[in-house]
Amino acid sequence: MTSLSAGVVLGSIGLLVATTPAMAVDRTFETEKAVIAVETVADGLDHPWGIDFLPDGRMIVTERPGRLRIITQGGAVSAPISGVPRVDARGQGGLLDVTLHPRFEQNRLVYLTYAEPGPNGTNSTAAARGRLSPDGTALTGVEVIFRQEPKVRSIGHFGSRVVFDGRGHIYITLGERFHERFRGQAQELDSLLGKVVRLQENGGIPPDNPFVGRPGARPEIWSYGHRNSQGAAINPETGRLWEIEHGPMGGDEINIPEPGANYGWPVVSFGVNYDGTPVGTGKKDAPGMADPIVTWTPVIAPGGMTFYRGAAFPEWTGNLLIGGLRSQAIVRLELDGQTVLHEERLLERLGMRIRDVAVGPGGAVYAITDETDGKILRITHAER
Ligand SMILES: [Ca+2]
């Protein structure tokens, strides 16, 4: 396992090229492997959380207060798409991830995760899917395909990335809801707090899930003992799920969830509680609990992540790109299998919280910023 500390800060020299807003190349940066150009595609988005790409290159983006929009490569922002479920937009809650079905071109299916309101101020993470109308203005036939149980009173730690494995399943990462009263349920198999679940694309239970048929265990569960995972991606080399989760004070971690495995929260952690007291046993590992492949102290506070593949940055092929909130960077990891060889932090000079990062048309990298005036940034290769 690799332990990464504050990180090697590289000489990202910001050259101010232009100060005009959208569509101008805002800046170029010298980075380790490439000179990159960063431009603002769109702004004025209220805490954008998830981004994906339509087959024609337009973006579909969530805003946490409950809006879903389509944005052109030229930066034109649509009116909110109708049909989005009602969300509980308090604290970290709201409309969260958006992912298109791998065969979207045929079936028009859009998957959303969100904080679903329950009775008496409770909520939990849910997932719904619907078909995008031909004109792109509405989701139709919207059905809720998953609900995290139990619903609790908390406005924190919802997770929740939704990822297709390309073999008929989705994974959804689920937070443990933050509060001391609930977080222990991350270790309990009859609760969906602090889990990664694996479902069929329609929300059904895959018969080969690890806890199918075990009395008292939820058959949706793929892995458990997770804290708050807001990033997940399939490694295209192996086809396996990787997830990244927030530690408390210290101890952010990446895991490669094995079916039925326990990732330790809140029994073991590489961090400590926010008041400085030890987490659980005060130990970093324990028998029967899986270690992360990499951990960060101090934290990067990870949002979404993606494995890079694309024409624009051959230098980054196979790298893991992670959106950093507290770290205000895109964290680029060079990997050899499950070993992290090297870390670079991109865009630190911009001072923006990066919520999600994705690869778009031509292999350009897109990042969304977690601000009231949230932006979509496009990162392309510039000439040296
Ligand atoms: Ca862990």
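Me: Is Glu-253 buried or exposed?
Reply: Buried means under 20% relative accessible area, exposed over 50%, partly exposed in between (1.4 Å probe, protein chains only). Glu-253 is buried, at a relative accessible area of 8%. Before going on: this is a predicted model, where local features need pLDDT of at least 70, side-chain atom pairs count only at pLDDT 80 or more, and totals for chains, interfaces and linings use all residues. Residues are numbered from 1 along each chain as its sequence is written, and side-chain values use heavy atoms, with hydrogens and water left out.

Me: Which protein donors does the calcium ion have?
Reply: Donors are N, O and S atoms within 2.8 Å of the metal (3.2 Å for Na, K and Ca); water is not among the atoms, so sites may look incomplete. Here the protein donors are Glu-253 (OE), Glu-253 (OE) and Tyr-263 (O), at 2.1 to 2.9 Å from the calcium ion. Glu-253 sits in strand 18 (residues 252–255), and Tyr-263 in the loop between strand 18 and strand 19 (294–296), so the pair ties together parts that are 10 residues apart in sequence. Strands (E, at least two residues) and helices (H or I, at least four) are DSSP runs, numbered from the N terminus. Tyr-263 is buried too, at a relative accessible area of 5%.

Me: Which residues touch the most other members of the largest nonpolar core?
Reply: In soluble globular proteins, nonpolar side chains tend to be buried together. A nonpolar core is a set of buried Ala, Val, Leu, Ile, Met, Phe, Trp, Tyr and Cys residues joined through side-chain atoms within 4.5 Å. The largest one here has 19 residues. Ile-36, Phe-313, Trp-316, Ile-330, Leu-347, Val-365 and Ile-379 touch the most other members. Strand 4 (35–45), strand 24 (354–359), strand 25 (365–369) and strand 26 (374–381) each give two or more residues to this core.

Me: What does Ile-330 touch?
Reply: Contact means heavy atoms within 4.5 Å. Leaving out residues up to four places away in sequence, Ile-330 touches partners including Leu-321, Leu-347, Val-365, Ala-367 and Ile-379. Glu-344 and Arg-345 are also among them.

Me: Where does Ser-327 lie?
Reply: Ser-327 is in the loop between strand 21 and strand 22 (329–336). It is buried, at 11% relative accessible area. A polar atom of the Ser-327 side chain lies 2.8 Å from the backbone oxygen of Ile-300. Not counting residues up to four places away in sequence, Ser-327 touches Ile-300, Arg-345 and Glu-348.

Me: Where does Glu-201 lie?
Reply: Glu-201 is in the loop between strand 14 and strand 15. It counts as buried, at 15% relative accessibility. Glu-201 and Gly-168 are 33 residues apart in sequence, yet 6.0 Å apart in space, C-alpha to C-alpha. Beyond four places in sequence, Glu-201 touches residues including His-101, Arg-103, Arg-129 and His-169.

Me: With which side chain does Asp-88 make a polar contact?
Reply: A polar contact is a pair of N or O atoms within 3.5 Å; within protein, one must be able to donate a hydrogen and the other to accept it, and residues adjacent in sequence count only if both atoms are side-chain atoms. The Asp-88 side chain makes one with the side chain of Arg-90, at 2.8 Å. Asp-88 counts as buried, at 8% relative accessibility. Its place is the loop between strand 7 (67–71) and strand 8 (95–100).
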